[in-house]
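I am opening my notebook on a structure that is new to me. I will write down what I looked up, entry by entry.

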Amino acid sequence: GDKVKQSPSALSLQEGTNSALRCNFSIAATTVQWFLQNPRGSLINLFYLVPGTKENGRLKSAFDSKESYSTLHIRDAQLEDSGTYFCAAEDYNQGKLIFGQGTKLSIKP
Amino acid sequence: DAGVTQTPRHEVAEKGQTIILKCEPVSGHNDLFWYRQTKIQGLELLSYFRSKSLMEDGGAFKDRFKAEMLNSSFSTLKIQPTEPKDSAVYLCASSLGDGQLYFGEGSKLTVL
């Protein structure tokens, strides 16, 4: 099964609303990264987390290593937040970064 | 600061051709990664270099894929010979060594 499972796979929101994306791990994750893949194709690094939380503007992310999940909260969604969000977890046992399949987020005016 | 630079952005090749993709990491970064992205498989690691030494050679990608770091600021990914199933976006990323990745915009390869 998926070692890093993201949900939902796709999400459509009205501008100005809030959302939460989730990543569940079936590995011993030591760090988590969240990326946004924009229309040009580049993956922009949003957060790099050890267990705990981080906040940056309208974005907030949490990583709970004991419960094996991470979340990304988007507050007051804007049109430029549209894209595909990927989480990636470092597997303690393999020493490798494993990516989820992504959440495609569409923000509508 | 310049981010990760990849060229070309788009490449169209005939089956059997040799193609070379190029990557310049963020200045000062010691780690460099090559990934392949497809809709079905998602992101797959092809190669990983630390301080120009090959640490990971991508297992299943060994036979026709070869990544090299000619110096600390330039890497190439050669695919020889290309096959239609190689059509994908090839992403290069670099890191200071702490694991936090910074990606380039990718090279989209289409093999006919």
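**Second largest pocket**

I began with the second largest pocket, which has a volume of about 500 Å³. For the terms, I noted that a pocket is an open set of points on a 1 Å grid over the protein atoms alone, where a 1.4 Å probe fits, with protein on both sides within 12 Å along at least five of seven lines, and that lining residues have an atom within 4 Å of a point; the volume is the space filled by probe spheres set on the points. I found that 18 residues line this pocket, and that Leu97(A), Ile98(A), Phe99(A), Leu43(B) and Glu44(B) lie nearest its centre. Strand 10 (96-99) of chain A and strand 5 (42-50) of chain B each give two or more residues to this lining, strands being DSSP runs (E, at least two residues) numbered from the N terminus. Strand 10 of chain A gives the most, with four residues.

**How the model is read**

I keep in mind that this is a predicted model, in which local features need pLDDT of at least 70 and side-chain atom pairs count only at pLDDT 80 or more, while totals for chains, interfaces and linings use all residues. Residues are numbered from 1 along each chain as its sequence is written, chains are lettered from A in the order in which they are written, and side-chain values use heavy atoms, with hydrogens and water left out.

**Salt bridges**

I then looked up salt bridges (a side-chain nitrogen of Lys or Arg within 4 Å of a carboxyl oxygen of Asp or Glu), and the structure holds nine of them over all chains. Glu105(B) forms one with Arg40(A), with the closest N and O atoms 2.8 Å apart, and this pair crosses between chains. Which residue of chain B also forms a salt bridge with Glu105(B)? I found Arg9(B), with the closest N and O atoms 3.2 Å apart. Since Arg9(B) lies in the loop between strand 1 (5-7) and strand 2 (10-13) of chain B and Glu105(B) in the loop between strand 10 and strand 11 of chain B, the pair ties together parts that are 96 residues apart in sequence.

I also noted the salt bridge between Arg50(B) and Asp31(B), at 2.7 Å from N to O. Arg50(B) is partly exposed, with a relative accessible area of 34%, whereas Asp31(B) is buried at 3%; buried means under 20%, exposed over 50%, and partly exposed in between (1.4 Å probe, protein chains only).
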